Amino acid sequence: MKIVPVACLQDNYAYLIVDESTKSAAAVDPVEPEKVLAAAGEVGAHIDFVLTTHHHWDHAGGNEKMTQLVPGIKVYGGSLDNVKGCTDQVENGIKLSLGKDIEILCLHTPCHTKGHISYYVTSKEGEDPAVFTGDTLFIAGCGRFFEGTAEQMHQSLCVTLGSLPKPTRVYCGHEYTVQNLKFMLTVEPDNEKMKQKMEWAQKQREANQPTVPSTIGEEFEINTFMRVDLPEIQAKFGAKSPVDAMREVRKIKDNWKASGVGGFTLNGWVDEPANWPKPSCRPGMISLGGANTPNLTAAGSFTLPFFLGFAAVTRVAGSLALPFFPGLAAVKSVFVASSSPALITGLPCPCPSSFGPLS
Ligand SMILES: [Zn+2]
């Protein structure tokens, strides 16, 4: 089995899973179909089907194009998730096979979205395990609880994914590792494994290399969200149960701001406000003046000086200026209020109306 990560958009990963004897491949979240097809061409593989982790546009947004470019291709997606372009719905426990030697087990891992599916992949003998976790489990992090509860995320991370063999390689949906570890080290500053992982991850990113995969075993050491069953972690957060600790860590992370040069940053916030009709108009991040954000690349981002305003940074292309705010106090109050997605979803979309709604 060969696994090929394909960097897409600003910080997404699509993947190819290739059965080497038949050159059959599955594409996970091919949001930029041409890139993924080119990557398949490079390894001489043909794509048999698409595996979609969840309905968010930066994962499922390439499905319809894939069905046009590869006629007859099957597109799998969770039955509770209303995935665009989906031809075949899957549920927990469904098994698929790829080529001659690869088995795929669908695992329902809800919370980030209701119907989120993680795909556990092995050889027919159960060897070489890997899991594609979309926006449920990140390296040293987890997705926001957009459509679920702390109970569900605990079940998804610590029970469903946590029961996979420890050497299972974890391939997640975004390159968030450095930023995630920065946060993790604020809640577990003495965790040596986290510090080592941070050093390694920073070197990888400086060399323009991905930080995927980690392993399930490693996540139990470096990811506080997967460590909430430990009494010492619960004690740290004054929590009475693993679920309480899960809720608390998520709450702290949602409100966490890394300080950057001359400003604040707020990373990974609002994935997909429902009433922003066009993908390129949906902010993936908000950046406040002079911010130093490792997740932002020069393209598609901009910051405003002197804290006079804020800008939405799109994940696809270009930037959108939102209304200016007259001073730091106003910006601060927006900043604080903005931990609630309602703030942005309540703003009118600045797209020209000719773009029309997406769905
Ligand atoms: Zn998502």
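Among contacts in the protein chain between residues at least 6 apart in sequence, what percentage join residues at least 24 apart? In this predicted model, the share is 58%. The protein chain contains 11 helices and 19 strands. Of its 359 residues, 47% count as buried.

Helix H4, which spans residues 150–161, illustrates a mostly covered element: 9 of its 12 residues are buried. The buried positions begin with Ala150 and include the run Gln152, Met153, His154, Gln155, Ser156 and Leu157. Thr160 and Leu161 complete the list of buried residues in H4. An α-helix has 3.6 residues a turn, so residues three or four places apart point the same way.

Attention now turns to a pair of helices. Two packed helices are described by the angle between their axes and the distance between the axes. Helix H5 covers residues 177–187 and helix H6 covers residues 192–206. The two pack at an angle of about 155 degrees, and their axes lie 9 Å apart. Because angles over 145 degrees count as roughly antiparallel, H5 and H6 are roughly antiparallel to each other. Their crossing is left-handed.

The residues that form this contact can be named on each side. H5 contributes Thr177, Val178, Leu181, Met184 and Leu185. These meet Met194, Lys195, Lys197, Met198, Ala201, Gln202 and Arg205 in H6. By class, the contact of H5 with H6 comprises 7 nonpolar, 2 polar and 3 charged residues.

Notes
Residues numbered from 1 in each chain as written. Predicted model: local features only at pLDDT ≥ 70, side-chain atom pairs only at ≥ 80, totals over all residues. Buried ≥ 20, exposed ≤ 12 C-beta atoms within 10 Å, placed from the backbone. Helix = DSSP H or I, 4+ residues; strand = E, 2+ residues; numbered from the N terminus. Axes fitted to C-alpha atoms, helices over the stretch in contact; angles between N-to-C directions. Parallel < 35°, antiparallel > 145°, perpendicular 65-115°, else oblique. Left-handed = near helix turned anticlockwise from the far one by under 90°. Contact = placed C-beta atoms within 7 Å. Nonpolar A, V, L, I, M, F, W, Y, C, P; charged D, E, K, R; others polar.
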